[in-house]
Each structure stands twice: as structure tokens, then as C-alpha cells.
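Some notes on this model follow, point by point. Please read them with the coordinates open.

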Amino acid sequence: MILGIPDPWVWSAYLLCILITLFCVIYGVLNWNSGGEDEEEQIMEEIRWEEEERKMEEDELGL
């Protein structure tokens, strides 16, 4: 009996919840700002996409 819980499946579920939470926190801390290296390129691609979309709308509406 651990912490007054007689069933090993119940306390193993509690233990796994705590371990998963710790894993998620550690993973989040290690990967906090990763992936921002190509942010400028993504912004430029979005701008090109919006300009192309605007041109297509103007062509369709005849503006």
C-alpha cells in the first residue's frame, strides 16, 4: 500500500501522470524558442501569398 492506495494500478496511474507532466515540462523548456530560425522566410512567403491572392481577387471581380 503506497500513500494509502491499496491498488497498484491506481498508484501507477498517478505516478505515470506525474512522470508525463515532468517530461512535458522538460521538453517544453528545452524546445522553448526552437523553430524561429526561418521565421523571416515564412513572413515573406505569407506576403507573397497575400499579394497573389489579392491579384486573383482583382482579376475575378474586375477591379
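1. Secondary structure. The protein chain has two helices and zero strands. Both terms refer to DSSP runs numbered from the N terminus: H or I over at least four residues for helices, E over at least two for strands. Helix α1 covers residues 8-30, and Leu30 lies in it.

2. Basis. This is a predicted model, in which local features need pLDDT of at least 70 and side-chain atom pairs count only at pLDDT 80 or more, while totals for chains, interfaces and linings use all residues. Residues are numbered from 1 along each chain as its sequence is written, and side-chain values use heavy atoms, with hydrogens and water left out.

3. Overall dimensions. The C-alpha trace spans about 75 × 30 × 10 Å along its principal axes.

4. Burial and surface. Of the 63 residues in the protein chain, 0% are buried. Buried means under 20% relative accessible area, exposed over 50%, and partly exposed in between (1.4 Å probe, protein chains only). The accessible surface is about 6400 Å², with 64% belonging to carbon and sulfur atoms. Areas come from the Shrake-Rupley method with a 1.4 Å probe; for residues, only the protein chains shown count as cover.

5. Nonpolar patch. Which residues form the nonpolar patch on the surface? They are Leu15, Leu16, Ile18, Leu19, Leu22, Ile26 and Leu30, together giving about 720 Å² of accessible area. Patch members have over 30% relative accessible area and no salt bridge; nonpolar side chains (Val, Leu, Ile, Met, Phe, Trp, Tyr) are joined within 5 Å, like charges within 9 Å. A salt bridge puts a side-chain nitrogen of Lys or Arg within 4 Å of a carboxyl oxygen of Asp or Glu. Leu30 is exposed, at a relative accessible area of 68%.

6. Aromatic pair. The structure holds one. Phe23 and Tyr27 are stacked, at 6.2 Å centre to centre and 25° between the planes. Ring centres of Phe, Tyr and Trp (its six-membered ring) must lie within 6.5 Å; planes under 30 degrees apart are stacked, over 60 edge-to-face, the rest tilted. Phe23 and Tyr27 are four residues apart in helix α1, so about one helical turn separates them. Both Phe23 and Tyr27 are exposed.

7. Cysteines. The whole structure has zero disulfides, a disulfide being two cysteine sulfur atoms within 2.5 Å. For Cys17, the nearest cysteine sulfur is that of Cys24, 11 Å away. That is too far for a bond. Cys24 is partly exposed, at 47% relative accessibility.
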